[in-house]
Amino acid sequence: MQHAFRQLAVPAGAGAGAEPRTEAGATPRPLLDDPRWYERAVFYELLPRGFYDSNDDGVGDIPGIIEKLGYLEWLGIDCIWLLPFYPSPLKDGGYDVADFYGVAPDCGTVDDVVRLVEEAHRRGIRVIADLVLNHTSDQHPWFQESRSSRDNPKADWYVWSDTDQRWSDVRIIFCDVERSNWTYDPVRQQYYWHRFYHHQPDLNYENPEVREAILSVVRFWLDRGLDGFRLDAVPYLYQYDGALGENLPETHAFLRRLRREVDRDYPNRVLLAEANQWPVDVVDYFGDGDECHMCFHFPLMPRMFMAVRREQRFPITEILAQTPEIPEGAQWGIFLRNHDELTLEMVTDEERDYMYAEYARDPRMRRNLGIARRLAPLVDNDRRVAELLHALLLSLPGSPVLYYGDELLMGDNIYLGDRDGVRTPMQWTPDRNGGFSRADFAQLVLPPLMDPVYGYQSVNVEAEMRDPSSFLHWLQRMLAVRRQHPIFATGGLEVLPADNPSVLAYVRSGRGGIEGPERSVLCVCNLSRFAQSAQISLARWQGAVPVELIGRAEFPPVGEEPYHVMLGPHGFYWLDLEDWGQP
Amino acid sequence: MTVELEALGALACSYLERQPWYQETVSAARAASGAARSGGASGPAAGARGGDGSAIEVELGEVIRPGRPGLARFVLALGELRFQLLVGWRPAASAAEALRGGESALLGPCTDDDGPVLAYDALADDDLVLALLTHVTGGAERAERVRRMPTLASHHSLVFDERLFMKCYRVLERGPRPEVDMVLKLDEAGFNALPAPVAHWRAGGYDLALVREFLPGALEGRLLAMTSLRDLLAHAQAAGSAAGEPEAPAPGSAAAEAEAEADTEVAAAGGDLASEMRRLGATTASLHLALAQCFGEEPAGRSSFARALRREGVDPEATLEKAGRLEEGTAGSLVRLHGDYHLRRVMRSEAGWLVVGFGDDPLYGASDAGSSMGHRRGSPLEDLADMSFSLRSAAREALGQRSPAEMATASRLAQAWWRRNSGALVEGYLAVEGAARLLPSDPGARETLLAAFESARELRYEATPAEA
């Protein structure tokens, strides 16, 4: 078995390596008994099949992730989000689950998952996994039984109809490839309902047996130590006449029940909802703090990209202004990229056209209503833009979710079908297969990138670990800074007026810790590729001496006049206003 | 019971007389009336005396806040002109502190019930300005901090806690002031693309102050336009240097091709402004629909366009001929206009575009005032032409910052930028339900008239460049 990572040359003091920190003399990171850990966590989304292959069969696996935990600990993430590892025909990246209680043989075993959780916990890292509530694969035994006749015990576990005209107003999400939300089943001779692909029949949540079955799945995995779930496609659980099949009260009632049971029996777990809707609708999934702990903030992401392209702040400030307050203990999940496409479902048609025009002139890059690209190609591999976007990600309200490989500024492969373009193997070394696997190239789950710009020969963990000025090191340091300042996790947000549209300024403030003093951190970003200056209204902090958070350099004190800042191209500052009021 | 008002009034008159803004206002008024009398006897006599030698008189003095510091308001008259002066007083020692050495604000010594005090321009004293806010809002609003914005001859601009904005007028007008009138009526009609009015101070037939919300994050449209142009023209720099020598102006179809190429490039630029301009067009349409609702609407026609063009000093014949049929029913409407509608009068906020600068119409009252309508009406095309001209000026200004080497490419791009954005403005306007009826229905006529008004604006701008 290879331990490629252990062989890396690591700059002195980086504390890197497969070994836990204790061996380097640092204190271990105990897993605190903290029911609200997710508010301060940095998540790392990874694809088990694409991360590291421990058994040379060409497919990444759970034991492979265990081998790379040292790297993740060094990077400084707090929680791994595992993309689906369940047995599946893999027609939708594993979101077509054929058995909720198993692990796909090429990924490992249930015992491997248990071991992963234990090993991660030893390193202060938690693990959550995808859970698909809305549907199963058509290969799932439940569906096979349900379709076999109209009167079998699971006949009502899915949504069947004699007509495909029912609920015809409900929008079709994968409108590129699906023409209807109904598909005819020749065995049962009826139509079944599916909001996503036709091979993913929707479960019938009207049926109490289905609800119990899903809750059993939840208990099974929490009993095995998982720290929670990323709940896939939650808005679509219910549908009935006269409704558009999204965000229905019954769906919320089910989520409240799920939360109640989790809170009662499993402390310190998290439910993270994927509800790809406008913020005003998404907040409903927090309930009154009694539904999901976290929800993804989808529209913020394309807005960040748009603001950089337009070189002005309004795309971001507009969506922040439209984001409602969330209940105590709730937290947004924010991200730059994920395994899906740059989500454009919720930008206006005009802005969607704009995003297409800017980022996806090549039609092959378009997938459904989004764009299947990784971060680096999306910003033309501009390191300064990547840094600026991460500075936003780490300082705007919400827990950041990183996507594996983006810490290297990895590229994508638009010639792969579906969403596989952004799922190519993690690039560990410049060696064969990018150090991902020792299997024959032809055997690999997906070909690693080999192009001159993003290929593993030039972009890989080993090279970036050796290079102290690499993006990887930069991000590792930024994560460390963020960890020292919980104000970024839990502080309030106030956008400050700046007289230059290319400059975005905001203050995160509040009590960073539970008992900590009132703190304010001023974040200033230059969204333009040219140097800019701006006057920022800081009247309330008059007398404060801003201190730059990373290098602790003092800035001129805040006076009566608006505060004057100068920023380099795509530059940003995080300024501590801590000394406010002190001599 | 309190200060000696009469003595204070005398101090107020001589203080007013010393103020440059007052002298400017008086000479401007005199020049206007002199022009009206076509070379009347009034020469450039200096000072506060009226053309007929009259002196400033106190029309009204009133204590707003007795005690120390105290506050009084005065309406001072010189001939037809009326001025507001707010006067405060304190004991000498605390006055020095309150004015922080601002001796130019001093009126002079005076006495109140408790003895000698110093009188001064009350707007220089934070405590009194805060007291004024409470007074003007009838106690509804209190603030902790005031910031003074650059002052114009006609009014003071005060910002309270970065939350409220007060315009306190210095030169008063009889009857409803157009700004106050428009803002209050538009707000009442539900037009919310303006900073919401909070309070309105009116007494003795004069509008004295207007308080509205202050939106610190909002930025002038001009800044967005310049940001967009910066992005585009820097792009031209890169493209130009890559392409080597700028091409010579191409004749005929090649020119059209180059134009189309520039259009494509502008549309693809990262800093494209067209979506913002479409939104601004929609806001403009809602503004005109609300103005029609508040101040009336009548059909436009050939003669109204002829009159409007003539007023701008343009011979309307050629334009009207080119515009073709403009009968009532197809020529759109006449409504009250904003009248000074350019990129500095629109603000982009988190909630979209806001319109400000109501009542700044330089033509308001110039020719139609006193007519039966009581205010100027015109085709909404005039406001659109203002904005379109403003876009063109922004493009020129940005072009002026580029080097001669890149001028050929840059000016083609700047031209395409203006075409795209001014087109988007009209497009956004017409997309608003009910707005199409306000404009001439024939696209050709619309374009011809828009271009004519725009070049008229240009002439006016060249005549008085200070307007921008």
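Modeller: Domain bounds here come from an automatic or database domain assignment. For chain A that gives domain 1 (1-8 + 298-484), domain 2 (137-202), domain 3 (207-296) and domain 4 (491-576). This is a predicted model: local features need pLDDT of at least 70, side-chain atom pairs count only at pLDDT 80 or more, and totals for chains, interfaces and linings use all residues. Residues are numbered from 1 along each chain as its sequence is written, while chains are lettered from A and ligands numbered from 1 in the order in which they are written.

Biologist: What makes a contact between domain 1 and domain 3 of chain A?

Modeller: Two residues are in contact if their C-beta atoms, placed from the backbone, lie within 7 Å. Here 17 residues of domain 1 of chain A and 14 residues of domain 3 of chain A take part. On the domain 1 side, strand β10 (residues 331-335) of chain A gives the most, with 3 residues. Helices (H or I, at least four residues) and strands (E, at least two) are DSSP runs, numbered from the N terminus.

Biologist: Which residues meet between α6(A) and α7(A)?

Modeller: A:Arg211, A:Leu215, A:Val218 and A:Leu222 in α6(A) meet A:Phe254, A:Leu258, A:Glu261 and A:Val262 in α7(A). By class, that contact has 6 nonpolar, no polar and 2 charged residues. Ala, Val, Leu, Ile, Met, Phe, Trp, Tyr, Cys and Pro count as nonpolar, Asp, Glu, Lys and Arg as charged, and the others, Gly among them, as polar.

Biologist: What angle do α6(A) and α7(A) make?

Modeller: About 35°, with their axes 11 Å apart. Axes are lines fitted to C-alpha atoms, for helices over the stretch in contact, and angles run from 0 to 180 degrees between N-to-C directions.

Biologist: Why is the crossing of α6(A) and α7(A) called right-handed?

Modeller: A crossing is right-handed if the near helix is turned clockwise from the far one by less than a right angle, and left-handed if anticlockwise. The crossing of α6(A) and α7(A) is therefore of the clockwise kind.

Biologist: How do you know that β8 and β11 of chain B pair?

Modeller: Two strands pair if DSSP finds at least two bridges between them. Strands β8 (residues 164-169) and β11 (residues 206-213) of chain B have 5 bridges, so they pair, in the antiparallel sense. In β11(B), B:Arg212 is the bridge partner of B:Phe165.

Biologist: What makes β6 and β10 of chain B edge strands?

Modeller: The open sheet has the order β6-β7-β8-β11-β10 (chain B). Strands β6 (146-149) and β10 (197-203) of chain B each pair on one side only.
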